[in-house]
Amino acid sequence: MRVLSGIQPTGSLHLGNYLGAIRRWVKMQDEAECIFFLADLHAVTVYNDPAELRANVNGMAAALIACGIDPEKSLVFNHARVPAHPEMAWLLSCTARVGWLNRMTQFKEKSGKNREGASVGLYAYPILQAADVLLYQTTHVPVGEDQKQHLELCRDIATKFNADYGVELFTLPEPWIGESAARIMSLRDGTAKMSKSDPSDMSRINLVDDDDTIAQKIRKAKTDPEPLPDSVDDLAGRPEALNLVTIYAALTDRTPQSVTGEFAGKGFGAFKPALAELLVQTLSPIRARLNDFAADPAALDSILQQGARKAAEMAAPTLEGAYRALGLPRGI
Ligand code: ADP
Ligand code: TRP
């Protein structure tokens, strides 16, 4: 089983990203051979400030490793260092049909009313995504709702290429559902997702927050005067309380029900310090590793270079197979 996941290099990471996504990938390493890459060639389908993009790619890679993605065990790299990706994307763009791409709902959403003004890259990027997956004979791709259609397209492209050229070159990837991840809400409003785009920094816990900031954000988190009930069902209508219980449960790998069982009858005066301590215990080693990377950028660079070298090696046979199938001589 080989699992591949492309990750958008977004800005600073928060607890929602950690509990909702990164931790799932960390656990996946025990179950399958994993490939993680920063999708920086996807990022440039819309304008990005170049310095910011570079900082985000490096920051995200450092965060993944700091959170427990092990570059010795899993393949970690960024897209842009491995030319096999855009090369394969071109070959596959000759198999993909315009009608197939026209159906992609994400392009319609992202381009909005300005379709004519969107980049060709934004339109064609599901083909690059297919190349990402097919280059490595990936068997499983962890997909959220928003990526299901792109994975279907990837399978369609692979099937048509194999059929058109009479080869069995590409493995058809399956969606990987896995255990459902926790959804973490804002500390200021239990009905809104914790997000980097929330203007209030008090609404989220960032991976770079120091211990005092974490404790202060939990102390100030919105709650209600009621004590915790003994059943999680009784938290209905108390979204802020439910969110704190959910965070506690996710951090300890327990169910929210077992957390309410433990704290039943206690108020937030007792629960919040316990939660803050747990957060500090989890996040401070991650922050320490992030600081190490910040102090030594060459270390990260060398990990990504090494990853890219291995990725290029792994991708080569499939890429060469595609050239061969098409009747194209390759190289000089
Ligand atoms: P943001 O909402 O801060 O912009 P992104 O959209 O960049 O976050 O999300 C990156 C990854 O983190 C996605 O896989 C997403 O599902 C996960 N994620 C983001 N916010 C949360 C959250 N509040 N709870 C759970 N998972 C989240
Ligand atoms: N498009 C994905 C996203 O927006 C990122 C991505 C790029 C990806 N290539 C991939 C995901 C390959 C899975 C497989 O999040």
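This short talk describes a predicted model of a protein chain and the two ligands placed in it.

Good morning. In this predicted model, local features need pLDDT of at least 70 and side-chain atom pairs count only at pLDDT 80 or more, while totals for chains, interfaces and linings use all residues. Residues are numbered from 1 along each chain as its sequence is written, chains are lettered from A and ligands numbered from 1 in the order in which they are written, and side-chain values use heavy atoms, with hydrogens and water left out.

I begin with the chain. It contains 13 helices and 5 strands; these are DSSP runs numbered from the N terminus, helices being H or I of at least four residues and strands E of at least two. The radius of gyration is 22 Å, close to the 20 Å that the globule rule gives for 332 residues, so the chain is as compact as a globular protein of that length. That radius is taken over C-alpha atoms, and the rule is 2.2 Å times the number of residues to the power 0.38.

Let us turn to ligand 2. Which elements each supply at least two residues of the shell around ligand 2? They are β1 (2-7) and α7 (120-134), and α7 gives the most, with 4 residues. A residue belongs to the surroundings if one of its heavy atoms lies within 4 Å of the ligand. The shell divides into 6 nonpolar, 5 polar and 1 charged. Here Ala, Val, Leu, Ile, Met, Phe, Trp, Tyr, Cys and Pro count as nonpolar, Asp, Glu, Lys and Arg as charged, and the others, Gly among them, as polar.

Next come polar contacts, here pairs of N or O atoms within 3.5 Å. An oxygen atom of ligand 2 lies 2.9 Å from an N or O atom in the side chain of Gln 8. For nitrogen atoms of ligand 2, the distance is 2.8 Å to an N or O atom in the side chain of Tyr 125, and 3.0 Å to a polar side-chain atom of Gln 129. Taken alone, ligand 2 exposes 370 Å², of which the protein buries 90%; areas come from the Shrake-Rupley method with a 1.4 Å probe.

Finally, ligand 1 is surrounded by 13 residues, among them His 14 and Lys 196. An oxygen atom of ligand 1 is 2.9 Å from an N or O atom in the side chain of Asn 17, and a nitrogen atom is 2.6 Å from a polar backbone atom of Ile 184. The protein covers 69% of the 540 Å² of accessible area that ligand 1 has on its own.

Terms used. Polar contact = N/O pair within 3.5 Å; in protein donor to acceptor, adjacent residues only side chain to side chain.
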